[in-house]
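The sequence and the structure are shown first.

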Amino acid sequence: MTASQKQRGERHALLSLAIMMEWPIRIAGVLSSLLIFVSFCLMIFAIFQRYFLNTPLKWGDEMLGYLLVAIVMSGMAEALRRGDHVAIDLLTSFFGKKVRAWLTHLSYSAVLAFAVIFGLSADEVVRFSYGFGSYSPGYLEAPMWIPQSTMIAGSVLLGLGAIAGLVRSFCKAEA
């Protein structure tokens with residue numbers, strides 16, 4: 001086996017690892033889409049209750065707020081994976097291939113750092129809410145650690161997406 005064949009094999013193994021890391025992200029993206037549909041149905045139901053039956057849905061707004069957080073947390077890693085996130089690429093077209101590759105590595109590293117910091121902060125919030133026994137102030141009276149735990153899941157998914165993006169960008173740069 002030559003050195004170039006060995007490098008191709010290693011690159012293929014790393015890309016396979018990146019693909020495996022992206023499966024939970026894809027599943028979470030589908031979940032995010034389903035939650036958007038659930039939110040839409042809940043809004044329609046709340047409108048029907050309020051304006052046609054004259055019995056407002058008291059817990060609907062609170063539930064929609066929690067669903068919105070879950071939608072964002074389950075969908076942000078999928079947006080990163082697909083490249084649908086906000087990107088500022090005004091200056092990158094002026095640089096060569098190596099500088100663009102370095103900037104790509106830097107951007108995925110920044111996302112990974114954010115995911116770690118956000119995940120640690122979210123973990124602290126969830127632990128506090130669980131330990132304190134905090135409940136939502138609205139009509140649902142749900143334990144707050146339950147909707148807050150979506151932030152931990154979102155940070156893990158975002159971290160996976162950043163690692164997969166780093167692996168892909170390193171493999172692309174070496175090719």
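In this predicted model, Asp123 and Arg127 are joined by a salt bridge whose closest N and O atoms are 2.8 Å apart. Both residues belong to helix H3, where a spacing of four residues places them about one turn of the helix apart. Asp123 is partly exposed, with a relative accessible area of 28%. Arg127 has a relative accessible area of 59%, and it is classed as exposed because this value is over 50%.

**Salt bridges**

The count of salt bridges comes to three. As background, side chains of opposite charge can pair when their charged atoms come close.

| Salt bridge | N to O distance | Helices |
|---|---|---|
| Asp123 and Arg127 | 2.8 Å | both in H3 |
| Arg81 and Glu78 | 2.8 Å | both in H2 |

Arg81 and Glu78 are three residues apart in helix H2, which is about one turn of the helix. Within this pair, Arg81 is partly exposed at 26% relative accessibility, whereas Glu78 is buried, with a relative accessible area of 12%.

Arg168 is partly exposed, at 34% relative accessibility. Glu22 has a relative accessibility of 6%, and it counts as buried because the value is under 20%.

**Aromatic pairs and a charge over a ring**

The structure holds four aromatic pairs. One of them is formed by Phe114 and Phe118, which are stacked, with 5.7 Å from centre to centre and 10° between the planes. The angle qualifies this pair as stacked because it is under 30 degrees. The two residues are four apart in helix H3, which spans residues 97–132, so about one helical turn separates them. Both side chains fall in the partly exposed class: Phe114 has a relative accessible area of 47%, and Phe118 has 22%.

A further pair consists of Tyr130 and Trp145, with ring centres 5.4 Å apart and planes at 85°, so the arrangement is edge-to-face. This pair links distant parts of the chain, since Tyr130 is in helix H3 and Trp145 is in helix H4 (residues 145–174), 15 residues apart. Tyr130 is exposed, with a relative accessible area of 57%, while Trp145 is partly exposed at 33% relative accessibility.

An aromatic ring also takes part in a contact with a charged side chain. Arg26 lies over the face of Trp23, at 5.6 Å from the ring centre.

**Nonpolar core**

Where are nonpolar side chains grouped in the interior? The largest nonpolar core has eight residues in all: Leu35, Leu42, Ala46, Leu57, Leu64, Leu67, Ala70 and Ile71. The elements that give two or more residues to this core are H1 and helix H2 (60–82). H2 gives the most, with four residues. In soluble globular proteins, nonpolar side chains tend to be buried together.

Ala70 is a member of this core and is placed in helix H2. With a relative accessible area of 14%, Ala70 is buried. Ala70 and Ala28 are 42 residues apart in sequence, and their C-alpha atoms are 10.0 Å apart in space.

**Nonpolar surface patch**

Nonpolar side chains also form a patch on the surface, made up of Phe37, Phe40, Met43, Ile44, Ile47, Phe48, Tyr51, Phe52 and Leu53. Together these residues have about 990 Å² of accessible area. Phe48, one of the members of the patch, is found in helix H1 (residues 3–51). At 39% relative accessibility, Phe48 counts as partly exposed.

**Helix H1 in summary**

Notes: Residues are numbered from 1 along each chain as its sequence is written. This is a predicted model: local features need pLDDT of at least 70, side-chain atom pairs count only at pLDDT 80 or more; totals for chains, interfaces and linings use all residues. Side-chain values use heavy atoms; hydrogens and water are left out. Rings of Phe, Tyr and Trp (its six-membered ring) pair if their centres lie within 6.5 Å; planes under 30 degrees apart count as stacked, over 60 as edge-to-face and the rest as tilted. Buried means under 20% relative accessible area, exposed over 50%, partly exposed in between (1.4 Å probe, protein chains only). A charge sits over a ring if NZ of Lys or CZ of Arg is within 6 Å of the ring centre and within 35 degrees of the ring normal. Patches are made of residues with over 30% relative accessible area and no salt bridge: like charges are joined within 9 Å, nonpolar side chains (Val, Leu, Ile, Met, Phe, Trp, Tyr) within 5 Å. Accessible areas come from the Shrake-Rupley method with a 1.4 Å probe; for residues, only the protein chains shown count as cover. A salt bridge is a side-chain nitrogen of Lys or Arg within 4 Å of a carboxyl oxygen of Asp or Glu. A nonpolar core is a set of buried Ala, Val, Leu, Ile, Met, Phe, Trp, Tyr and Cys residues joined through side-chain atoms within 4.5 Å.
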